Amino acid sequence: NKAPIVTFSKDSTIKSTTSSPRFSWTSDEPAEFECAIQGVTAFEDCGSGTSGTWTGNNVPDGKRRFLVRARDRYGNQNNPYSFPFEVDTTPPTGFRTTGPPKRTRERVATIGWRTTEDSNYECYLDNQVDPTNCGDGTSGDFRTNSLRDGPHNFSVIATDDLGNTARIVNSKWTVDTSGPRLTFGPNLPTHTFSNPWFNWTSDEIADRFMCSLDDQSSWEFCGSRKTGIWQRYNVPDGKHELFVRGTDDLGNTGPQISHKFTVDSTAPRISITSPPDPSSSRPTIEWKSTEPVKFSCTFDDGQASDCGDGTTGSWTGRNVPDGSRKLVIEGRDKVGNFGRFTYSWIKDSTVPTITFDKNQPKVTLRAPRFTWKSSEPANFECSLDGFRTMEQCGSGTFGSWQRYKPDGQYELSVRGKDNNGNTGEPAKHRFRVDNTPPTIVLGSTSDLRTSRPTIRWTASEDVKFLCSLDGGQSFDCGNGTTGLWTGRNVDDGPHTFIIKGRDTTLNTGTLTYTWNKDSSGPQITFEPNQPTITLRYPIFTWTSSEPANFECSLDGFVQNIEQCGSGTRRSWQRSRPDGEYTLSVRGRDVNGNTGSPASHSFRVDNTAPTIKIDSRPAINSSSPSIRWSSNEDVKFRCSLDYRAFFECGEGTTGVWTRDNVEDGPHTFIIEGRDVMENVGRHTYTWKQDSIAPEIQFKQLPNNADSSPRFTWTSTEPAIFRCSLDGASYENCGRGYDGQWQKRVRGGEHTFSVRGEDAFGNVGPPTKHTWSI
């Protein structure tokens, strides 16, 4: 009743790259076999005996199970035996995930890929014969070294674990790191007009051309592709240089090229260097040009003729008749700029005739003016001394002369010289100048402090007088050489009296006289906020109701009186010792009126405050406190150990406390500043010690010694006090080291010692217990 047992052979296919896997097996007893591919074929006879083989046909790709069952001669049949296997006839497929574009300026490329199944990868770069192992898995990437410019190709061969092989990546690209190289066109001009243009070619297609004229810090777009043209309008004259560079679509910029040229849009300028003699029938004209040109000349609108070349030229006429004449000189430079100059002149031998205009004045003020006319255009010459000396005084057919002259008799002579140098006879005109205003001089004044003042004056010549008081309406106040005025009901205050005298030529002289009618004394007022307490140099300021001479006194004008300035505002300052004072000030005006004095009381305080310590700090406390007092109200500032001062109260007393002050020497400074900024200071120093001495035994007794001896040392000098078996402490030495020895009875004993330093700090006792 036992079914056959089937065992698969080791040569059975586990993985197959074909669709015909082969399986073999053995049986522990003779049997008939049936075979099938699970899920693909039905069971079918596949031999008999104690072993068998089976080869599949067109088994589809995928993971499968081969099934075999055996039936012995007694009909015992087992469940199917299963053998797993995999058929994979498909090579890996994949695609590129990353990589360079078809053209790039990057010399290093990274190519990435992905496949449909785990594979091993071999990479080929350019003409590489032996592959490079470049990873495994379902994805990979490859990074090249720095590549040269030019075309490149890269491929990846993927092999799956069954050995199926396929090319999954085949990438081609070109590395381009060089910019376009430009070449200017042939026969570019080096001299141009103001609208130059230039062309060039590129060895590759350019994404953009950039141009710069003269200044390479500023560039502008000027075309693209393989040829370019640059043109600019209104380029200024002078030397220039055009710079051009090209950039391809990858951003590579090639070397710049440049072309130097000169712009000349300025026509030559012609100027006369030697004019013709207007009286000559063979006149010669000479000229020059701003640049080399070819000259042509036209006389009196006749036929043009060549008249030389270069930068200078000349022309000489023949039998030139009298009258208006014209020579046109033209010059053309090598660029074609055209310049022209027209020179006109008159051949004339007739002299000018000068005639003074009618009604010229014979008596004038300080700036006489005379006019005349000429029979023809002329340059005028004027003289006041018959042309022993003369001056140029205009040109044309009309003229005028005006000068500032002192009083006196004069004769003006005028003559004309035409453009041909012909000079006519002078015309003359006599006149007298009276420029001097009359001089008015104050004579005498009287009763100026009354309401009926009188003023007298004189004039240097006969005049008509006009007077005005305090800017009022002018009124006649006589004529001749003397005058007098008496006022009526003149009020107190400042007054101004103006006298004007006008002579027959309307010259006017003026005299201004001012006075002040004043019967009251000046009022003195001390300015607000004058100090009532001062230092040794007090200063006080006051104002006066009117200008005055000031007198000052510190005793009410009894004996000590001093002059202390003048004006409407003054100050008084003197060095004074400490004490109480009253300053009195009075003023006397120009009319002798003295006002009532003004007074101001003050106290001089030059003495600094006195500060004393009332309570000193405990020298063994880490929280010292100091109290002090001042002999007057002050503002206190304090400093510990010369550090920055800080505010520490005000008034006549103060206190300072500080926690956690370190042991050691300290200095405490107290400053007191009174209202006059007098500063008093007190400095207090102390040494703080809050640490008690510590005792350490150096020698201890043994138990057999009935006269035990102890020795010890202290961390600082101290007074030692000792105790045996709890007795009262008693002095047992001083210093850094101490000892104690006494005879004691047998039994257990305790010895204690402690130290007290100079600041009263008592340390803990050091104890030792022993038995005798």
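The model is a predicted one, in which local features need pLDDT of at least 70 and side-chain atom pairs count only at pLDDT 80 or more, while totals for chains, interfaces and linings use all residues. Residues are numbered from 1 along each chain as its sequence is written, and side-chain values use heavy atoms, with hydrogens and water left out.

**Disulfides**

- The structure holds 9 disulfides, a disulfide being a pair of cysteine sulfur atoms within 2.5 Å.
- One of them joins C722 to C732 with an S to S distance of 2.0 Å, and this link is right-handed, with 80° about the S-S bond. The pair links distant parts of the chain, 10 residues apart, with C722 in strand 49 (residues 709-724) and C732 in strand 50 (residues 730-741); strands here are DSSP runs (E, at least two residues), as helices are (H or I, at least four), and they are numbered from the N terminus.
- C638 and C648 also form a disulfide, with their sulfur atoms 2.0 Å apart, and the link is right-handed with 80° about the S-S bond.
- C211 sits in strand 16 (residues 208-213), whereas C222 sits in the loop between strand 17 and strand 18 (225-231), so that the pair links distant parts of the chain, 11 residues apart. Both of these cysteines, C211 and C222, are buried.

**Strand pairing**

- Strands of a sheet pair through backbone hydrogen bonds, either parallel or antiparallel; two strands are taken to pair here if DSSP finds at least two bridges between them.
- Strand 11 (residues 150-160) is mostly covered, with 8 of its 11 residues buried. Strand 11 is joined to strand 9 (residues 110-125) by 7 bridges, and the two run antiparallel, with Y124 standing opposite S155 in strand 11.
- Strand 11 also pairs with strand 12 (residues 165-175) in the antiparallel sense, over 10 bridges, and in this pairing N153 stands opposite K172 in strand 12. Strand 11 and strand 12 form a hairpin with 4 residues between them, and G163 in the turn has a positive phi of about 100°.
- An open sheet of 5 strands has the order 14-20-19-16-17, with mixed pairing. Strand 14 (191-192) and strand 17 (220-221) stand at its edges with a single partner strand each, so one side of each is left without a neighbour in the sheet.
- Within that order, strand 19 (residues 238-247) and strand 20 (residues 257-263) run antiparallel and are joined by 7 bridges, and the bridge partner of E241 in strand 20 is K260.

- S553 belongs to strand 39 (residues 539-553) and, at 2% relative accessibility, counts as buried.
- The side chains of S553 and D555 are joined by a polar contact of 2.5 Å, a polar contact being a pair of N or O atoms within 3.5 Å in which, within protein, one must be able to donate a hydrogen and the other to accept it, and for which residues adjacent in sequence count only if both atoms are side-chain atoms. A polar atom of the S553 side chain also lies 2.9 Å from the backbone nitrogen of F557.
- When neighbours within four places in sequence are left aside, S553 is in contact with V558, N560, T582, L583 and S584, contact meaning heavy atoms within 4.5 Å.

- G323 is found in strand 24 (residues 323-332) and is partly exposed, with a relative accessible area of 23%.
- Residues up to four places away in sequence not being counted, G323 touches W345, I346 and K347. The C-alpha atoms of G323 and I346 are separated by 5.3 Å, although these residues are 23 residues apart along the chain.

Definitions and conventions
Buried means under 20% relative accessible area, exposed over 50%, partly exposed in between (1.4 Å probe, protein chains only).
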